[in-house]
Amino acid sequence: MSQALYESSLTSLPLLGRGKVRENYAVGDDRILMVASDRLSAFDVIMGEPIPGKGALLTKMALFWFDKLQGIVPNHLTGEDPLSVVTPAEAAPLKDRTMLVKRLKPLPIEAVVRGYLAGSGWAEYRQSQSVCGVALPAGLRNADKLPAPIFTPATKAEMGDHDENISFEQAAAIIGADLAARVRDISIQLYQRAADFALTKGIIIADTKFEFGLDADGTLTLMDEVLTPDSSRYWPVESYAPGSNPPSYDKQFVRDWLEQATVDGKPWGKTAPAPALPAEVIARTVQKYEEALQRLTA
């Protein structure tokens, strides 16, 4: 396992922005070098400890899915070697954790698709029997499979804030009705292809979020990461049982630990700073990410 990278700091390229997990650097005016660090965020708070190797695992998984999803919508990969745009001295810590991508105009919504009822969707369903304005049948349980995948968009929050679920109508008001309909239909297609494939490997993809941008010609393009355990809920088929939260391959392990963590004798309030993650939680999280990648690509 290579050394953990909590934060990259390249001097050969201008930094465009630092997100919860990734740093983006400008390569000319038409490309971006995306660096996946080993940071982990849960409840929109960045943990103080890295998850060693996580950035490389996420990048491998994203590249795997970009390949599997070809033919549905263009993606942002340039096909060029990402390490060719940095100095030799900077290349070593970046190995396997970078993508060289087209610079796009990001759409200001997140395209969330749910095939199962979980997380905030389950909480909303219990109150209104709907998720993001999509009415659902009565009597569904936590983790139940939905009759068909649903598109439940969200606004993109500033760092430290929470993304907010919105209705399709609200999404259409933000990006236009035609574009919103295309994003919805393509997102469901992407999810369906990925979910069908993952099932053949013993993995349920309960839900995921996609991000899209427009290129200089206005072409809708899939961007950012795709279908990683950071942006999706992965459940092993063998332990799936509706009615409770199934064990998962994603950062749910960290979330579950944080839910019972205390700071100064009180439950953690889900605001920064996060409680320090114990070594065994970090090790189990690495193990979960590795297992998901191995199962998918075996």
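**View 1. Met 47 and its contacts in a predicted model**. Met 47 touches Tyr 6, Leu 40, Ala 42, Val 254, Leu 258, Trp 268, Ala 274 and Leu 277 (contact: heavy atoms within 4.5 Å), leaving aside residues up to four places away in sequence. Residues are numbered from 1 along each chain as its sequence is written, and side-chain values use heavy atoms, without hydrogens and water. In this predicted model, local features need pLDDT of at least 70 and side-chain atom pairs count only at pLDDT 80 or more, whereas totals for chains, interfaces and linings use all residues.

**View 2. The buried face of helix 7**. Helix 7 comprises residues 279-297 (helices are DSSP runs of H or I, at least four residues, and strands are runs of E, at least two, numbered from the N terminus). Its buried residues include Val 281, Ile 282, Tyr 289 and Leu 296 (buried: under 20% relative accessible area; exposed: over 50%; partly exposed: in between; 1.4 Å probe, protein chains only). Among the elements covering the buried residues are helix 1 and helix 5.

**View 3. The hairpin of strand 14 and strand 15**. The two strands pair in the antiparallel sense over four bridges (pairing: at least two bridges found by DSSP). Five residues lie between them, and Gly 218 in the turn has a positive phi of about 85 degrees. Glu 211 stands opposite Met 223 in strand 15.

Notes. The expected span of a helix is 1.5 Å times one less than its number of residues. The arc is that of the directions from the helix axis to the C-beta atoms.
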